[in-house]
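This briefing describes selected features of a protein model, arranged by topic. Please view the sequence and the structure first.

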Amino acid sequence: MTHSISPSRPSDLVSPVEAYSFFRELTETVTCSQGRLPFLKRSLPDLVRVLNAGGAALVSQRQGGWKVESWAGTPQWPEAQSSHSSHYSQRVEKSTPPAMPLDLIASAVDRGAAVMHHSWMVVPSIAPSTEASQPVDRPTCLVLYLANDSASRSELSRTGEIFLRHVALAGQCQRQRERVHQLSQVLRASAQWQRNQLLPTSDEDSLLNEIAETAIKLLSCQRVSIFLWDKRRKKLVGKPSVGIEDPLVISDDAGIVGEVLATGEPKIWNGGDDDESRVNRSVDQSLDFQTTSLVAVPLIGQRGETIGVFEAINHQENSFTESHVSLLNDLALHAAGAIEALRAQKRLTASRDRLVRDAANSSPLVGEHPDIVAIRQSGTRVAGTDLTVMILGSNGTGKEVVARHIHYESDRRGEPFVAVNCAALVESLLESELFGHEKGSFTDANSTRVGKFELASGGTLFLDEVGDMSPGGQAKLLRVLEQREVVRVGGSVPIPVDVRVIAATNQPLEQLIAEKRFREDLFFRLNVVSLVLPDLAKRGTDILLLAEHFMQHFCYEIGRQVPTLAESAKAAMLSHPWPGNVRELRNTIERVCYLTSGDVIQAADLELRSMDGQALGGESSELASINLNGIDSLAEATRQFQISHILSSIDRCSGNMTEAAERMELHRSNLYRKMKQLGMKTGEG
């Protein structure tokens with residue numbers, strides 16, 4: 001006969017002191033134990049001693065039978081699962097003692113309360129987890145083999161219940177430790193995925209294989225597939241990492257992965273437990289493979305949309321649990337982020353490369369003259385190094401075009417190209433412009449400003465007209481070139497800069513060095529590789545090639561048909577001295593494209609100047625061209641005259657700023673400063 005025992009307050013343990021010590025040790029053991037089984041092995045013998053029992057065992061339900069997890073005292077039950085034909089059958093393995101009260105265990109579980117029969121007591125514990133994300137505990141029972149002087153029934157029941165709660169706590173602590181360990185492994189794997197994406201050889205297939213290999217290791221399964229959703233084709237494209245080299249393409253509503261995609265919820269299938277029809281056996285047949293267990297979770301993108309399904313197949317212990325769902329969900333979260341980040345990176349890289357190609361094509365080094373061919377070849381060779389380059393040539397010959405050619409042929413092509421006209425910078429502003437300044441470093445420094453060297457870091461800094469730089473500016477530039485770091489005005493912290501410097505000038509630097517107007521050490525620092533551009537008049541038929549190039553460019557901008565050059569126009573261009581070089585030719589073609597409407601350009605349309613450089617109308621027309629109507633202020637009239645005089649001088653010199661400044665008895669930098677004061681635009685060569 002089986003008796004139920006109503007729990008009551010324990011009152012006749014071995015002693016109150018020993019009882020208190022036992023329960024305190026239980027709590028301490030839960031805290032320090034490394035899991036459920038270590039807790040049982042340490043605490044179960046103490047339970048037998050405190051209850052004066054003959055023996056005790058903890059049994060849990062496994063696949064329709066009962067397995068002894070741990071035992072203490074007698075009889076010595078082995079840790080082996082019994083075999084059952086039904087849920088509570090008494091048929092057990094030969095190695096299991098026949099005295100095991102299986103019927104009593106079944107009765108205790110059914111009643112949900114402790115039961116006792118002869119020398120046996122069974123205390124059940126069916127305690128589902130309070131958190132939905134945690135796995136549900138298996139039905140567990142404490143089986144006590146009683147002695148003649150064992151504690152009372154109520155004492156046995158109450159103490160057994162307390163012990164089982166501690167067992168459950170030990171299991172929860174173990175799961176939490178395992179969860180923390182899993183999360184740390186996932187985070188390490190995710191960090192490795194992110195690092196590998198920075199490699200030049202990274203691609204989506206490599207990333208997916210790496211993610212799959214990580215999942216196989218952490219989930220202890222046979223195979224992993226990462227299915228990415230092709231919405232347009234209504235297909236799931238899988239990239240398995242083990243056993244299959246070609247992508248696996250299935251319908252997006254097929255099998256369990258189709259269920260996951262449709263519902264956005266994780267799914268588990270273990271062989272023999274669920275509907276067999278849920279598994280897509282056609283894939284198994286095509287791959288000569290047998291799926292015995294499966295877990296799948298959705299891949300959720302950054303915007304909350306489902307981008308695919310993450311599937312693990314065939315767990316080593318032949319079944320997946322909710323803990324595997326949690327782990328696979330964690331992997332899927334980081335995997336989706338890594339996949340989308342790689343795709344965004346590839347899109348940005350493609351956009352950057354396209355912009356770089358467009359920028360490189362916008363200013364090509366056009367020409368077939370031997371000198372230009374040699375410069376183009378030398379520029380391409382030097383582009384593969386970080387050597388400093390000095391480009392020499394008259395104004396308008398295309399020094400910046402050569403600098404850009406070197407930049408776009410180099411590994412720095414994806415980084416900034418920053419051009420600075422040194423002649424347009426007065427000495428008081430040069431240091432702030434090149435090196436930057438901190439907020440409050442001088443009167444107008446209302447905010448921190450980044451200098452050109454910092455802006456160009458990683459790329460190329462083009463210093464045009466470096467021969468016009470002041471002596472103080474030359475010294476500061478030399479220091480930066482040697483130390484490869486800048487200090488902002490008003491700051492004290494050196495800032496490392498990785499910059500490729502290309503300098504250019506139309507000045508005879510050797511003569512300036514002899515006159516002590518240019519530092520010799522800076523010259524040698526800049527003149528590591530020297531490229532000399534010829535004047536346009538010496539380039540022969542390159543003039544016509546450049547004219548055709550500029551006509552194509554400007555006609556495309558304004559949307560007109562590209563005209564052709566008459567033979568008279570070609571002859572006029574080839575015989576013209578072009579004192580303004582390529583810049584003058586460009587301006588001429590721009591004017592022709594905008595102001596003419598015919599299909600053929602004649603020599604007269606070019607309006608080329610005579611050999612003496614006089615503008616049409618003569619120099620005496622300068623004052624007559626100034627419109628002073630309505631101007632009463634002497635200051636404004638003076639300003640208008642200065643603007644007209646400067647423009648006329650520059651016009652007579654065909655855009656040569658150095659020559660124009662000399663005619664007006666000014667230094668080139670002072671001319672630029674005066675033009676800025678008058679509100680005039682300053683060109684860069």
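**The antiparallel sheet and its helices**

Six strands form an open sheet with antiparallel pairing, in the order E9-E8-E7-E12-E11-E10. Its edge strands, each pairing on one side only, are strand E9 (248-251) and strand E10 (267-270). From one strand to the next, the twist averages 20°.

The model is predicted: local features need pLDDT of at least 70 and side-chain atom pairs count only at pLDDT 80 or more, while totals for chains, interfaces and linings use all residues. Residues are numbered from 1 along each chain as its sequence is written, and side-chain values use heavy atoms, with hydrogens and water left out.

Helices (H or I, at least four residues) and strands (E, at least two) are DSSP runs numbered from the N terminus. Two strands pair if DSSP finds at least two bridges between them.

**Strand pairing**

- Four bridges link strand E7 (residues 221-230) and strand E8 (residues 235-238) in the antiparallel sense.
- Opposite Phe227 stands Gly238 in E8.
- Strand E13 (residues 389-392) runs parallel to strand E20 (residues 500-505), and four bridges join them; Met390 stands opposite Ala503 in E20.
- E13 also pairs in the parallel sense with strand E21 (residues 529-532), over four bridges, and Val532 in E21 is the bridge partner of Leu392.

**Helices across the sheet**

- Helix H5 (residues 204-219) lies across E7 and strand E12 (306-315), and runs at about 140° to E7.
- Helix H6 (residues 255-263) lies across E7, E8, E9, E10, strand E11 (293-300) and E12, at about 30° to E11.
- Axes are lines fitted to C-alpha atoms, for helices over the stretch in contact, and angles run from 0 to 180 degrees between N-to-C directions.

**The H4 and H5 pair**

- The axes of helix H4 (residues 153-197) and H5 cross at roughly 165° and come within 11 Å. H4 is therefore roughly antiparallel to H5 (angles over 145 degrees count as such).
- Residues of H4 including Gln185, Ala189 and Trp193 meet a set in H5 that includes Leu207, Ile211 and Leu218 (contact means heavy atoms within 4.5 Å).

**Glu433**

- Glu433 lies in helix H11 (residues 427-435).
- Glu433 counts as buried because its relative accessibility is 16% (buried means under 20% relative accessible area, with a 1.4 Å probe and protein chains only).
- The side chains of Glu433 and Arg449 are joined by a polar contact of 2.8 Å (a pair of N or O atoms within 3.5 Å; within protein, one must be able to donate a hydrogen and the other to accept it, and residues adjacent in sequence count only if both atoms are side-chain atoms).
- Not counting residues up to four places away in sequence, Glu433 touches Leu425, Arg449, Gly451 and Lys452.

Key
Buried means under 20% relative accessible area, exposed over 50%, partly exposed in between (1.4 Å probe, protein chains only). Angles under 35 degrees count as roughly parallel, over 145 as roughly antiparallel, 65 to 115 as roughly perpendicular and the rest as oblique.
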